[in-house]
Amino acid sequence: MKKIFIITAVCFIVGCSELSQFMPSSSGSTSATDSSWRSKMQSCMMSEAQSKFQAGTLFTNSISATADELVSTCTKKLALQSLGISDEAKSSAESIITNLKNLSSAQ
């Protein structure tokens, strides 16, 4: 009987702690939206850090400066994505500008 009470109490406590994910946060946004943004930011920063590591530039600056750069880059990328501007569109625009620049310097 004692074991059943303990198991029931533990299940109740764990169940109640999981309910917090369904409650709105104090800032007015839902935790699901917050979690989604955080996961996208974390994924972007990991990708950027891996790219820098493979290029050999991850450790060229201080940790703080590199972290600032990662945050800045990912914030810009996520902001552009939220506006509907993809990396592909940005790349296309850069290609157009580069082609026009090459044409103007060739003349």
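Predicted model: local features only at pLDDT ≥ 70, side-chain atom pairs only at ≥ 80, totals over all residues.
Colleague: Fine. How many helices and strands does the chain have?

Modeller: Four helices and zero strands. The pattern along the sequence is α-α-α-α. Helices (H or I, at least four residues) and strands (E, at least two) are DSSP runs, numbered from the N terminus.

Colleague: And what share of the residues is buried?

Modeller: Buried residues are 9% of the 107 in the chain. The chain exposes about 8900 Å², with 64% of that supplied by carbon and sulfur atoms. Those areas come from the Shrake-Rupley method with a 1.4 Å probe; for residues, only the protein chains shown count as cover.

Colleague: Switching to covalent links. How many disulfides?

Modeller: One, taking a disulfide as a pair of cysteine sulfur atoms within 2.5 Å. Cys-44 and Cys-74 form it, with sulfur atoms 2.3 Å apart. The pair links distant parts of the chain: Cys-44 sits in helix 2 and Cys-74 in helix 3 (residues 63-82), 30 residues apart.

Colleague: Left-handed or right-handed?

Modeller: Left-handed, because the torsion about the S-S bond of Cys-44 and Cys-74 is about -90 degrees.

Colleague: Are those two cysteines buried or exposed?

Modeller: Both Cys-44 and Cys-74 are buried.

Colleague: On to charges. How many salt bridges in the whole structure?

Modeller: Two. The rule is a side-chain nitrogen of Lys or Arg within 4 Å of a carboxyl oxygen of Asp or Glu. As background, side chains of opposite charge can pair when their charged atoms come close.

Colleague: What does Glu-48 pair with?

Modeller: Lys-77, with the closest N and O atoms 2.5 Å apart. Glu-48 is in helix 2 and Lys-77 in helix 3, so this pair ties together parts 29 residues apart in sequence.

Colleague: Why does Glu-48 count as buried?

Modeller: Because its relative accessibility is 16%. Lys-77 is partly exposed at 27%.

Colleague: What else does Glu-48 touch?

Modeller: Besides Lys-77, Glu-48 touches Leu-70, Thr-73 and Cys-74, not counting residues up to four places away in sequence. Contact here means heavy atoms within 4.5 Å.

Colleague: What about Thr-66, where is that?

Modeller: In helix 3. Thr-66 counts as buried because its relative accessibility is 6%. Thr-66 touches Lys-52, Leu-58 and Asn-61, again leaving out residues up to four places away.

Colleague: Rings next. How many aromatic pairs?

Modeller: One. Phe-53 and Phe-59 pair edge-to-face, at 6.2 Å centre to centre and 85 degrees between the planes. Rings of Phe, Tyr and Trp (its six-membered ring) pair if their centres lie within 6.5 Å; planes under 30 degrees apart are stacked, over 60 edge-to-face, and the rest tilted.

Colleague: Are Phe-53 and Phe-59 buried or exposed?

Modeller: Both are exposed.

Colleague: Last topic, the surface. Which residues form a nonpolar patch?

Modeller: Ile-96, Leu-100 and Leu-103, with about 310 Å² of accessible area together. Patches take residues with over 30% relative accessible area and no salt bridge: like charges are joined within 9 Å, nonpolar side chains (Val, Leu, Ile, Met, Phe, Trp, Tyr) within 5 Å.

Colleague: Where is Leu-103?

Modeller: In helix 4 (residues 87-106). At 53% relative accessibility, Leu-103 is classed as exposed.

Definitions and conventions
Residues numbered from 1 in each chain as written. Heavy atoms only, no water. Buried < 20%, exposed > 50% of the residue type's maximum accessible area, 1.4 Å probe, protein only.
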